Amino acid sequence: MMKKLLFLLLIGWAGVTQAALTIEITEGAEGALPMAVVPFGWSGPGAPPKEKIGAIVAADLARSGRFKPLPEGDMLAHPHSGAEVEFRDWKALGIDSLVVGQITPHGNGGYQVRFELFDVFRGEQLVGYSIPTTARQLRTTAHRIADIVYEKLTGQRGAFATRIAYITSLRQADGSKKVSLRIADADGYDPQTIVSSKEPLMSPAWSPDGRRIAYVSFEKHRPAIYIQEVFTGRRQKVAAYPGINSAPAWSPDGRQLAMTLSKDGNPDIFVLDLASRKIRPLTRHYAIDTEPSWSPDGKSIVFTSDRGGSPQIYRVPVSGGQARRVTFENNYNARASYSPDGKKLALVTRVDGAFRIAVLDIASGRMQVLSNGKLDESPSFAPNGSMIIYATKEKGRSVLAAVSVDGRVRQRLALDVGDVREPVWSPYSQQERSY
Amino acid sequence: MMKISLMRSIPMLLAALLFAGCSSTPTVEQEAQVADHSVGAGTGASTQGAAAQGAWTGNPLDDPNSPLSNKVIYFDFDRSEVKPEYLDTLRAHAEYLASHPDVTVTIEGHCDERGTREYNLALGERRANAVANLLTAEGVARSQITTISYGEERPIDEGHDETAWALNRRAVLVY
């Protein structure tokens with residue numbers, strides 16, 4: 001009896017901690033390119049690794065909305081190298097691009113993953129690599145292959161080998177809430193909790209090198225800003241002034257952190273130099289100033305202020321000076337963040353009483369609303385600028401969604417239990433282009 | 001005369017109806033949530049300390065016939081002005097605090113889920129400050145008051161409609 005109970009408890013526990021994000025495409029682009037990723041071959045003794053490299057690559061490319069990978073069951077052959085490819089077969093199936101590959105044991109428990117991408121019509125190889133990897137890194141290797149294929153075929157860098165951080169909230173048996181800050185691969189796999197608390201956690205922000213995350217925790221019954229190393233879990237408290245300590249935003253060089261503090265009476269933007277620990281005020285206004293975001297060139301900061309009577313986006317030089325209003329359409333615009341190329345801002349805007357995600361073209365001032373929920377918030381650009389991930393509501397639950405910047409591709413990312421919110425897409429990892 | 005008293009009773013009647021509506025709509029789970037957030041872990045150590053201190057004052061704070069038993073005031077969307085209907089309640093709290101200088105109070109500011117989280121954290125602080133300023137204007141020492149904003153992070157009603165939002169846009173006096 002006891003054993004059975006323990007077993008059930010363990011199942012329950014596993015169900016909660018593993019709570020995976022599942023991603024589905026809710027709207028694909030018309031004209032997605034027909035392609036095929038053949039399941040990768042295995043040339044070693046013993047059993048092949050359980051990770052299906054070909055399937056991971058195909059799923060990544062499908063998720064982008066720009067490709068339509070052929071279902072495995074429709075394939076007429078399963079070549080693993082260029083020499084085995086009969087281009088006529090794939091032409092007959094209407095396939096434009098073909099990926100084949102092979103996994104070989106390599107070194108002590110490692111693997112060598114070789115892949116080739118072909119233009120089916122010309123019958124020529126577009127790219128081919130052999131990547132050494134480990135059992136733990138196999139999924140990441142698959143995402144890197146998807147990145148390479150995506151870049152070769154679209155001309156734009158891929159963002160599959162990246163991660164997302166997000167906040168989850170799960171109701172416990174005693175009625176309390178357990179709030180966690182988690183990190184998962186960009187396809188929702190391998191979620192890991194890096195902090196959890198009974199008190200609110202907010203505003204996760206990746207450092208530009210992807211090794212640290214700044215966030216706000218109420219664990220001491222007051223909001224404070226922490227910086228935590230993603231890999232070691234080591235952390236330090238960097239701001240715990242009286243009042244609000246919130247909305248941390250990294251400078252592009254990772255040396256400074258902009259933040260909102262209300263220590264002087266009302267919320268203003270401050271800049272903390274992480275090495276010297278010196279803090280300087282950037283805005284001084286009796287209105288609410290919050291939600292800073294650094295421009296990619298490091299020269300200016302946009303923030304939300306209600307100094308004009310309703311929340312709007314303003315921009316101020318990092319060196320200080322006069323803030324200029326950036327948004328003029330709609331009476332509620334907040335939480336702007338720059339696109340990686342610095343030309344656009346993703347923000348939350350209110351249209352017809354609904355809070356939606358919009359992209360503002362900075363040069364023209366034109367705003368395009370991209371989402372269609374009522375309570376959409378927390379937009380975050382993918383590091384290649386192609387998609388925006390954000391939080392939305394679905395049947396009363398908080399889920400994540402992603403939309404392509406042109407509004408044509410939509411994805412939904414749901415947790416199997418509880419609420420998930422405040423997604424932030426990681427920057428590219430440092431080792432990304434080491435081969 | 002008759003007409004005036006009827007006119008006067010209409011808002012109360014509406015309020016009663018609204019209140020009845022509110023108390024009947026939340027599920028059992030949400031009521032548990034309410035209880036949890038008003039006296040539970042969320043209000044923290046300061047609550048327990050203050051309650052212990054409050055014991056010898058004889059607990060007028062819990063007397064349902066006293067305006068002191070009202071410890072929550074509500075706000076309009078994206079606003080932080082204290083509405084006139086709450087002035088009597090807050091004056092009663094100010095009088096109580098001024099005459100009990102050893103008693104401390106934490107004022108929590110909260111928002112509904114609409115709008116962005118960090119902006120709402122700032123808005124919640126503004127609401128808490130609006131209440132704190134009113135109390136100090138009525139003679140309460142600033143040292144008796146602590147303010148904290150939870151923004152939209154601690155809704156009392158987890159619904160996603162105007163009824164829930166109205167209940168969540170609040171400042172709470174926690175003794």
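Which residue is the bridge partner of B:Tyr74 in strand 4 of chain B? I looked it up, and the partner is B:Arg170.

**Ground rules.** I'm working with a predicted model, where local features need pLDDT of at least 70, side-chain atom pairs count only at pLDDT 80 or more, and totals for chains, interfaces and linings use all residues. Residues are numbered from 1 along each chain as its sequence is written, chains are lettered from A and ligands numbered from 1 in the order in which they are written, and side-chain values use heavy atoms, with hydrogens and water left out.

**Sheet in chain B.** I stayed with that bridge and looked at the strands around it. Strand 1 and strand 4 (residues 170–174) of chain B run antiparallel and are joined by three bridges. Strands here are DSSP runs of E, at least two residues, and helices are runs of H or I, at least four, both numbered from the N terminus. Two strands pair if DSSP finds at least two bridges between them. In chain B, four strands make an open sheet with mixed pairing, in the order 1-4-2-3. At its edges I found strand 1 (72–74) and strand 3 (145–151), each pairing on one side only. From one strand to the next, the twist averages 20 degrees. Angles run from 0 to 180 degrees between N-to-C directions, with axes as lines fitted to C-alpha atoms, for helices over the stretch in contact.

**Sheet in chain A.** Next I checked an open sheet of four strands in chain A, with the order 23-24-25-26 and antiparallel pairing.

**Where the chains meet.** The contact (heavy atoms within 4.5 Å) takes 40 residues from chain A and 33 residues from chain B. I counted eight salt bridges between the two chains, each being a side-chain nitrogen of Lys or Arg within 4 Å of a carboxyl oxygen of Asp or Glu. One of them links B:Arg126 and A:Asp306, with the closest N and O atoms 2.8 Å apart. Several strands of chain A give two or more residues to the side that touches chain B, including strand 15 (245–250) and strand 31 (419–425). Strand 11 of chain A gives the most, with three residues.
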